[in-house]
Amino acid sequence: QVQLVESGGGSVQAGGSLRLSCAASGNTYGTRCMGWFRQGPGKEREWVAQINTGGGTTYYATTYYADPMKGRFTISQVNAKNTVYLQMNRLKPEDAAMYFCAARLFTCRVPASPTSYTYWGQGTQVTVSS
């Protein structure tokens, strides 16, 4: 089992920045990819970004982004802390949503589907005012 805990959400004005964190614990060696998804009110959960995490094997920390996030969001990891970050810059009102961290047992694939992820955090709310 893997436990994921998100933090860093909050309220920001359009054009501002936030950094989300996802702390993983448990059997993280069994996972190969971690991602961020978001879900706005009345909307389906959509993929934001993902990164190969290797799970203790030799790997390349390849990153992937959904098109609306390219150039604005950056996903990164600190393996020693089992933590994945999502730096969000130039935020727009349409970025407002509940953001979820997730982990999957296999290397990342594009496009990312929520159904391919096994472990999920509880989410952290991001609000962007215009």
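**Rings and core**

Guide: Phe37 is buried, with a relative accessible area of 0%. The model is a predicted one.

Visitor: Why is Phe37 called buried?

Guide: Buried means under 20% relative accessible area. Phe37 has 0%, so the label holds.

Visitor: How many aromatic pairs does a search of the whole structure find?

Guide: The search finds 4 aromatic pairs. Phe37 and Tyr117 form an aromatic pair, with 5.0 Å from centre to centre and 80° between the planes.

Visitor: What makes Tyr117 buried?

Guide: Its relative accessible area is 5%. The limit is under 20%, so Tyr117 counts as buried.

Visitor: Why is the pair of Phe37 and Trp120 called tilted?

Guide: The ring centres of Phe37 and Trp120 are 5.0 Å apart, and their planes are at 55°. Stacked needs under 30 degrees and edge-to-face over 60, so 55° is tilted. Phe37 lies in strand β4 and Trp120 in strand β10, so the pair ties together parts 83 residues apart in sequence.

Visitor: Is Trp120 buried, partly exposed or exposed?

Guide: Trp120 is partly exposed, at 25% relative accessible area. Buried is under 20% and exposed is over 50%, so 25% falls in between.

Visitor: Which residues form one aromatic cluster?

Guide: Phe37, Phe100, Tyr117 and Trp120 do.

Visitor: How do you know that the charged end of Arg45 sits over the ring of Phe100?

Guide: It is 3.8 Å from the ring centre. The distance limit is within 6 Å, and the direction must also be within 35 degrees of the ring normal. Arg45 also lies over the face of Trp120, at 4.8 Å from the ring centre.

Visitor: Which residues touch the most other members of the largest nonpolar core?

Guide: Leu4, Trp36, Leu86, Met88 and Tyr99, in a core of 35 residues. Strand β9 gives the most to this core, with 5 residues.

Notes:
Residues are numbered from 1 along each chain as its sequence is written. This is a predicted model: local features need pLDDT of at least 70, side-chain atom pairs count only at pLDDT 80 or more; totals for chains, interfaces and linings use all residues. Side-chain values use heavy atoms; hydrogens and water are left out. Rings of Phe, Tyr and Trp (its six-membered ring) pair if their centres lie within 6.5 Å; planes under 30 degrees apart count as stacked, over 60 as edge-to-face and the rest as tilted. Buried means under 20% relative accessible area, exposed over 50%, partly exposed in between (1.4 Å probe, protein chains only). Helices (H or I, at least four residues) and strands (E, at least two) are DSSP runs, numbered from the N terminus. A nonpolar core is a set of buried Ala, Val, Leu, Ile, Met, Phe, Trp, Tyr and Cys residues joined through side-chain atoms within 4.5 Å.
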